[in-house]
Amino acid sequence: MLEPRVEKSPYAAPLRYSQLKDLKFVWEESPDSKGSGKKAGHDRVSATTFKENLSTNLDRIRADLKNRSYKFQPLKAFFIEKGNGKERVICVPTVRDRLVQRLIAYHLIKKFDPKKGTQIDKFGVCNSVSFGIRGSEDSYIAAIDEALKRRSEHPWVLKTDIKAFFDAITRETLIAKIKSKLDKKSSLIPLLEQVVHCEVNSKQWHLERVRLQAQGLKQDLGLRQGMPLSPLLSNFFLGEFDLAVSKAKLNIIRYADDIIVFCDNEQECKAAEKLIKELLDKLHLEIPELQSDNKGKTFIVSPNEAALFLGVELKKKKTGGYVKAIPQNSINKLFEKQNRYKDLDFCLEKGFGFPDVVSHFKRKVEGYQASYKGTENLDSFVTDYKKQSEAVVEHLLTSILGGKVVASLDAKKRNFLGLSA
């Protein structure tokens, strides 16, 4: 059975984190309330349907939490194409489970403590090493900016990542860490135990077993990606690792499973790689073997070479120092994906109408401007992307209406259709 394993709770006190005002606040801050949430989960209830009966749903959740009868439902797996012929799997909770997980995260790390004037961080995941959980939407940009700053001071780089990180987390170890960190009578412990053991529903697992196992999923092992609490819990799992590398004075930045270390020479890089392997081994985690040709996932970058971190290059300027830039191969792939929308059949397969294509390109530009903020070639990339967007849209219209019709459109009509005059 792959249903969540829930035992009778030894905790008698009612859950202290069940105030309706907190539920409402977390809901309003969630992607589900803004219409950008994930698909419906195991119960087939969409965020839109949940929102239509919001007051009733919040009251029910509050009552279940208060009475300690809340049960997390199984997860629903969605397979997402990565663009290289491979897939990644996202395991989506129900809308109500997503809300409760965000509520727990809010009380563990994000809620403001008026007495201390700071954010609560009961798990201690906010540190100088980890940038994956900072209670801020800018943590991704902050990690890259900090990496740029450190490379300017220490130009040699060791780059690696943790192999199958989320899927290799030992659940029993994680639960033991949770219990050691929280008060033994904490009303959050039984809920967190449920979350750790949340699994793809047994029927889907049976039908998609081969496909799921191909993504590295194993029964009773790992923390499923797609749950709102997974990033926080995974960072907590590596808390001792972060502390150890800090004590060793390693100049390291970790963003989830992505690791980059800044050194003064090649020998320091090799020593850092050895230490990281030893520390992760204690958690039954590992990194790929060090490769001298930079073709693997663990390699050393010399001062004159560009180092890739979180999809952005940290490269040396001709005048000295370092800048961040969008890699050219990433730009090429983005344009290749964009050109696919010239094909009417492709758009229909995506469920896109003409207005969807235009708005899709607009959202993409906004997303790239946020993700690549501060890169030296952002402006030129955005300009080229917008030009190609217009070319793709015009090609699509021409394939539908014919070249003569499109050519006859006046400036006002072209502007209305998202074309340049």
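Modeller: Let's start with a term: a contact here means heavy atoms within 4.5 Å. This is a predicted model, so a caution on what counts: local features need pLDDT of at least 70 and side-chain atom pairs count only at pLDDT 80 or more, while totals for chains, interfaces and linings use all residues. Numbering runs from 1 along each chain as its sequence is written, and side-chain values use heavy atoms, with hydrogens and water left out.

I'd zoom in on Ile 178, which sits in helix H7. (Helices are DSSP runs of H or I with at least four residues, strands are E runs of at least two, and both are numbered from the N terminus.) Ile 178 counts as buried because its relative accessibility is 2%; the cut-offs are under 20% for buried, over 50% for exposed and partly exposed in between, using a 1.4 Å probe and protein chains only. Setting aside neighbours within four places in sequence, Ile 178 is in contact with Phe 123, Leu 192, Val 196, Leu 233 and Phe 236. Take Phe 236: it is 58 residues from Ile 178 in sequence, yet their C-alpha atoms are 8.4 Å apart.

Leu 233 and Phe 236 are both among the buried residues of H11. That helix covers residues 230-237 and is mostly covered itself, with 7 of its 8 residues buried. Those buried residues pack against H7 (171-181), and also against H4, H6 (165-168), H8 (189-196), H12 (239-247) and strand S6 (252-255).

Now for the core. A nonpolar core is a set of buried Ala, Val, Leu, Ile, Met, Phe, Trp, Tyr and Cys residues joined through side-chain atoms within 4.5 Å. The largest one has 73 residues, and Phe 123, Leu 192, Leu 233, Phe 241 and Ile 276 touch the most other members. Helix H4 (residues 95-110) gives the most to this core, 9 residues. Apart from it there is another core of 42 residues, including Ala 143, Ala 147, Val 157 and Leu 378.

Ile 276 has its own set of partners: beyond four places in sequence, they are Leu 158, Phe 241, Leu 250, Ile 252, Ile 259, Val 261 and Ile 287.

Zooming out, the protein has 19 helices and 11 strands, and 45% of its 421 residues are buried. Of the contacts with a separation of 6 or more, 71% join residues 24 or more positions apart. The C-alpha trace spans about 75 × 60 × 50 Å along its principal axes.
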